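The entry itself comes next, followed by the notes.

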Amino acid sequence: MSGTTGSGQATWHNPKLRYQERLAEGGGQMAQREPTLSDVAALAGVSVTTVSRVLNSRGYLSAEIKGRVDEAIRALNYRPNQIARSLLGQRTRMIGVIMPTTALPFFGQVTAEIENDLATRGYRTLSCNSFGRADREREYLQLLAGNRVDGIISGAHNHSIPEYATLRLPIVTVDRELSPSIQNVRAANEEGGRMATRLLLERGSHRPMLLTSTSSPLNRREAGYRSVLGDAGIEPLVATVEFHTPEPARTSQIFAALDAAREIDGVFATDDLAAATALEWARQRGVRVPDDVRVVGFDGTEAIRRALPGLSTIQQPIRDICRRAVEHLVSQIEAASSDEEPLAVAAEELPVTLIEGWTTGGCRAPDETKEGGGPLPAHPLPQ
């Protein structure tokens, strides 16, 4: 397209006229999509690199060139694409957050706390739910890296994802540690396991059962449980039901595990939803809590504390965990931007709190004959 009109006037001095000419040539198609960096460059009569330099205030540019680009931007109502700007070394101010599923109270609250803390620092989040699937987690890692996020916070529990170690991005994990080379922030899980198990023994349990998601040396809550029982000379009894098992299958599996257990008089559930299901199992089977079986959970999320205020639980400092995770990630991002040496990685453990309720005998159990009494089921449950 010519740079002049029939009257000899340079069309870049009249961006709207140049825009109308391009619309006529393109059959009006430009009006049906978002204008791009290339559209601005063509309208201003400059290169894409020059437009990028104007947008990012880089290098010397004459007032005339800047003016032509600014006028083209206004004529097209162009909005700079954050991802495109990241290709030029700019931050996107977007953070990827990967969790097993935000449908579970713990991961839902963690995601909300992280998003809120990041927002106060001017960052936006892209939330991803892996549902415990390693293949989906890998896809999300590729997606986030491809979208040039500034960093990733992961609470996923898959340990067979080598991509975490090879990504050239600031990464922080919460809850489970994925790699010694990745900064991790978590609660004192092993000590929490000890506290929960000691509570059951102190309240009269002689055969406490552990109800957990997976049994392995990486499960530090299980390690705490086994440690206390080992000191007491009691044989451990462990039942596993994956926390991302969909309902009603998860509830059915927990019921089956409890039915199969012989002579248990205590349950330490490593998440509060499993503890709530154990309470409903006891109600349906006519097992008295805390007289026959004592129940203690783990997490102490706001949602479960409202629904089951009498549940004994080990409460994680969720807000502090998320705050520290964000602080570590932002520090990594700033260090990378300034070419500073990254700080040494060391896992950070925050203390947990024992909250005792009626499910271990810490106070009087609610009267189920009264409206609103008794434990509330977390899901429609099998009879």
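A charge sits over a ring if NZ of Lys or CZ of Arg is within 6 Å of the ring centre and within 35 degrees of the ring normal. The model is predicted, with local features needing pLDDT of at least 70, side-chain atom pairs counting only at pLDDT 80 or more, and totals for chains, interfaces and linings using all residues. Residues are numbered from 1 along each chain as its sequence is written, and side-chain values use heavy atoms, with hydrogens and water left out.

**Charges over rings**
- Arg-93 places its charged end over the ring of Tyr-123, 4.2 Å from the centre.
- The ring of Phe-298 has the charged end of Arg-221 over it, at 3.8 Å from the ring centre.

**Aromatic pairs**
- Rings of Phe, Tyr and Trp (its six-membered ring) pair if their centres lie within 6.5 Å; planes under 30 degrees apart count as stacked, over 60 as edge-to-face and the rest as tilted.
- The whole structure holds 3 aromatic pairs.
- Phe-106 and Phe-107 are edge-to-face because their planes stand at 75 degrees, with ring centres 5.1 Å apart.
- Phe-106 and Phe-107 are both buried, meaning under 20% relative accessible area (1.4 Å probe, protein chains only).
- Ring pairs join Phe-106, Phe-107 and Phe-243 in a cluster.
- Phe-268 and Phe-298 make a tilted pair, 6.4 Å centre to centre with 40 degrees between the planes.
- Both Phe-268 and Phe-298 are buried.

**Cysteines**
- The count of disulfides (pairs of cysteine sulfur atoms within 2.5 Å) is 0.
- Cys-128 counts as buried at 5% relative accessibility, and Cys-322 counts as buried at 1%.

Note on methods. Buried < 20%, exposed > 50% of the residue type's maximum accessible area, 1.4 Å probe, protein only.
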